[in-house]
Amino acid sequence: MKKLFFLAFLALLAGFANAQSQKMGDLSPEEIAYTEVAYEPGSSAVMLVATADSKFFSQIFETLHFRRIKILTEAGKEYADIKIRYYRGDKGTEEIYGEKAQIINFVNGKPVITKLEKENIFDVDLGDGYREKRFVFPDAQVGSILEYTYRKADKNLEFLDGWTFQNAMPTLYSKYQVTMIPQLEYKTIGQGSNFFTKAERESNNGTYSWTLRNLYSLKEEPYMKNYRDYVDRVEFQLYRYQVAATTSGAEWKDFLSTWEKLGNEMIEYYSMKGFYRTNPIEKDALSIDLSGANETEKARKAYYYIRDNFTNEGVDWIYTNQTLPQLLKSKQGTPGELILAYMGLLKSMGISCEPVLIGSKGYGRSSIVPYPFLNQFDEILLLATLDGKPQFLDLSDPLAPFGYVDLDKHVSGGLLLKKNQSQLINLEIKHNSSEMIFSDVILDPESGELQMNYNVRSSYYEGLDQFHQVDNLKKAEKPLTDMFDMEELEMELRNVEVENLLEEKNYLNTKFQLAIAGAADQDMLVFNPFKFSSFSKNPFTQDFRVFPVDFGYSFQQSLVANIHIPEGYEMEDYPTDEVLTIDGAPLIFTFKTEQIGQLFKVNAKIEVRQPLISSEQYVDLKFLMESIANKLNTPVILKKTAKPNP
């Protein structure tokens, strides 16, 4: 009986999945009855159908879009306001037209269709050539089905945006279809694990389609701020085009050049802006002592000259808003402009360095597409040779010391710009980011307090992140105690000190003390020396994971507690030794204790060896992180056995 029911249920799902009508108002019984997304419970709305069909018309690439959304909860009513952004520019680069929309409500089980009037479909100017088409659905209710369709025309035939399969809500059916023309040949660029492993593909006489089903919603997840790099997408880059047809066959012209030619074009662009001229920047720094015993020392002084004498503001981008002379006059520029000015200063000192274009994390690509087109890059680095060794240099972060590269630029590769020799290179940015939390626990005989004295050493990027917090508090004129969650401490926090040694020694020291008043009068001393570990709470609380877990970089956190057992006390309870990991050991947790006379030592270490962990390992990782949090929250208990000798 159960087997028959299960087979019937599968048949119902298959019927639902294969009966997605793209005709407005043509609803299936399953769509009408749909109330909850089984694979993503609690969703406030669901995308029942999302399709796009693209074709070429003369010099226009036109796409017919269709969406069908169902509101499942009160919170889902926010999706009754639809906003579609596009770039019209001065020449009508993109246009949206042919809009139709309707809302379907159900009264006594019967559908009531209300078509949207003109006042509910309108266009908004966002400035800088961008506009927004908006659909406002009236009388949206739980159970309402929203439908809308429109055409989008794009005059840019060099790079076709294609299709993103996921949406802000779960998507049951997502299909993209494109009909190519023989005169234009494109390279297909796919992205996302679902696209490569689960997409249903069809090809017929120049028409290609991809279909994905039952997709999770797009949303931020802990330790994955760059989810755009992993979404399921398909897009197209023009490769070559037909210029003539002869009796001997078609004649083609390549549209994509080579990495060398692409590099030369960008070098020429930067040269026109003056950034390859060393004289202006050299004269600007005449009053500054940039001498040094070696190239590294000279590059360091030049870095701090640029960082500390120019205001860093604006969007990090491969294109510049100013020429070099304008930058030197204004003393303020974007990170990219400052990096290029830094390049000129290094070249003026005879230091070999070249720009590297990269696609930063969050820009939409997890790796470089192996075709030479420019719009896959958005930011700049410098690759210098200092004392015979390669060194990546950056000026994105106005607080970062020399040699630090913004974490969003820690990618696998980039395009090295070198006259007639531009090429893709691998990026390997090494650092030893870590955090050491040391605590010394004593029962102070004079005050009767249990005192925990902490010293936290945060190295490299861990220290830089801490320094940003300190800098923000200082700017807001707030006390350093605001760095801590006071509600969770349940103790008195005092004597907070921060020593910034990032520039000299690549670490930042934070010292503070926690105290429990009247501890000497208690028969039991219960405390947790590892409360401040970022791993004392499990950040992974959701049941499933859409994207990989990205810790950003490999690092380790070491925790050491020296507990001085007071006279007249004994160790009643403490966490036991343990080693925890998951398959492949991307993250390892070790916990050890040792008692030497009246000194009880606790050592814990969390090592993130592989910063990117697949979503397939999420369940195991979640359990591991929960086990680590439980271990770090297990208290140490000291029991009073007798009154201490007077």
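Because the model is predicted, local features need pLDDT of at least 70 and side-chain atom pairs count only at pLDDT 80 or more, while totals for chains, interfaces and linings use all residues. Residues are numbered from 1 along each chain as its sequence is written, and side-chain values use heavy atoms, with hydrogens and water left out.

## The chain as a whole

The secondary structure of the protein chain comes to twelve helices and 35 strands, where helices (H or I, at least four residues) and strands (E, at least two) are DSSP runs numbered from the N terminus. Along its principal axes the C-alpha trace spans about 105 × 80 × 45 Å. Of the 646 residues, 48% are buried, a term that stands for under 20% relative accessible area, with exposed meaning over 50% and partly exposed in between (1.4 Å probe, protein chains only). A contact is a pair of residues with heavy atoms within 4.5 Å, and among contacts with a separation of 6 or more, 71% join residues 24 or more positions apart.

## A pocket and a cavity

Both kinds of space are found on a 1 Å grid over the protein atoms alone: a cavity is a set of points where a 1.4 Å probe fits but cannot get out, whereas a pocket is an open set with protein on both sides within 12 Å along at least five of seven lines, and lining residues have an atom within 4 Å of a point. Grid points are joined across faces, edges and corners, and a volume is the space filled by probe spheres set on the points. In the table, Ala, Val, Leu, Ile, Met, Phe, Trp, Tyr, Cys and Pro count as nonpolar, Asp, Glu, Lys and Arg as charged, and the others, Gly among them, as polar.

| Space | Volume | Lining by class |
|---|---|---|
| Second largest pocket | about 1,100 Å³ | 15 nonpolar, nine polar and eleven charged residues |
| Largest cavity | about 40 Å³ | seven nonpolar, two polar and one charged residues |

The second largest pocket is lined by 35 residues, of which Tyr 223, Glu 462, Asp 465, Gln 469 and Ser 534 lie nearest its centre. Helix 9 gives the most to this lining, with five residues. The lining of the largest cavity includes Pro 575 and Val 602, and both of these residues are also touched by Thr 593, a buried residue with a relative accessible area of 19% that lies in strand 32 (residues 587-596).

## Helix 9

The expected span of a helix is 1.5 Å times one less than its number of residues, and for the 15 residues of helix 9 this gives 21 Å, which agrees with the 21 Å between its end C-alpha atoms. Buried residues of helix 9 include Tyr 461, Glu 462 and Phe 467, and strand 23, strand 24 (450-459) and strand 29 are among the elements that cover its buried residues.

## Strand 18

Strand 18 (residues 353-358) is largely enclosed by the rest of the structure, because six of its six residues are buried. In a regular strand the side chains alternate between the two faces of the sheet. Here Cys 353, Pro 355 and Leu 357 point one way, and Glu 354, Val 356 and Ile 358 the other way.

Two strands pair if DSSP finds at least two bridges between them. Strand 18 pairs in the antiparallel sense with strand 19 (residues 379-386) over six bridges, where Leu 382 is the bridge partner of Pro 355. Strand 18 also pairs in the antiparallel sense with strand 21 (residues 413-416), over two bridges, and there Leu 415 is the bridge partner of Leu 357.

Definitions and conventions
Lists of a residue's contacts leave out its neighbours within four places in sequence.
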